[in-house]
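Me: Could you take a close look at one part of this structure for me, the pocket region and what surrounds it? I would enjoy a connected account, with the cut-offs spelled out.

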Amino acid sequence: MTHVVTDNCINCKYTDCIDVCPVDCFREGPNFLVIDPEECIDCAVCVTECPANAIFHEEDLPKNMINFIEINKQLSKKFKNITRSKNPLPDADKWNGVEDKIKYLKQK
Ligand code: F3S
């Protein structure tokens, strides 16, 4: 079991989740973070830290977000480890809550 970062992180990347993760399981892409399912210990502390409410336990995922299980798994192999929070993306507050941002997801 794992937690999963979903659509609303895209173009926001607040990174509050990073500082509370006890196992450094987040990986960073240009405009999105993912959780490495091999590393996540399901502690759930990141869920309430995310200002975009983008993190779910995989069993709690809304139906239209199920594809993010595979997206987190695949991109965690590609994205780099991130262990410290940083400033959100410049227009994070503008993008927070915009639906269906997956088309903006940058993989590199
Ligand atoms: Fe993304 Fe939320 Fe973390 S917006 S970077 S999952 S705090």
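Reply: Happy to. This is a predicted model, in which local features need pLDDT of at least 70, side-chain atom pairs count only at pLDDT 80 or more, and totals for chains, interfaces and linings use all residues. Residues are numbered from 1 along each chain as its sequence is written, and side-chain values use heavy atoms, with hydrogens and water left out.

Let's begin with the largest pocket, whose volume is about 240 Å³. A pocket here is an open set of points on a 1 Å grid over the protein atoms alone, where a 1.4 Å probe fits, with protein on both sides within 12 Å along at least five of seven lines; lining residues have an atom within 4 Å of a point. The volume is the space filled by probe spheres set on the points, which are joined across faces, edges and corners. Of the 16 lining residues, Asp7, Asn8, Asn64, Met65 and Asp100 are the closest to the centre. The lining has seven nonpolar, six polar and three charged residues, where Ala, Val, Leu, Ile, Met, Phe, Trp, Tyr, Cys and Pro count as nonpolar, Asp, Glu, Lys and Arg as charged, and the others, Gly among them, as polar.

Asn8 counts as buried because its relative accessibility is 13%; buried means under 20% relative accessible area, exposed over 50%, and partly exposed in between (1.4 Å probe, protein chains only). Beyond four places in sequence, the contacts of Asn8 (heavy atoms within 4.5 Å) include Ala52, Ala54, Trp95 and Asn96. With Asn96 there is also a side-chain polar contact of 2.8 Å, that is, a pair of N or O atoms within 3.5 Å; within protein, one must be able to donate a hydrogen and the other to accept it, and residues adjacent in sequence count only if both atoms are side-chain atoms.

The whole structure holds two aromatic pairs. Trp95 and Tyr104 have ring centres 5.0 Å apart and planes at 65°, so they are edge-to-face. Rings of Phe, Tyr and Trp (its six-membered ring) pair if their centres lie within 6.5 Å; planes under 30 degrees apart count as stacked, over 60 as edge-to-face and the rest as tilted. Trp95 is buried at 19% relative accessibility, while Tyr104, at 36%, is partly exposed.
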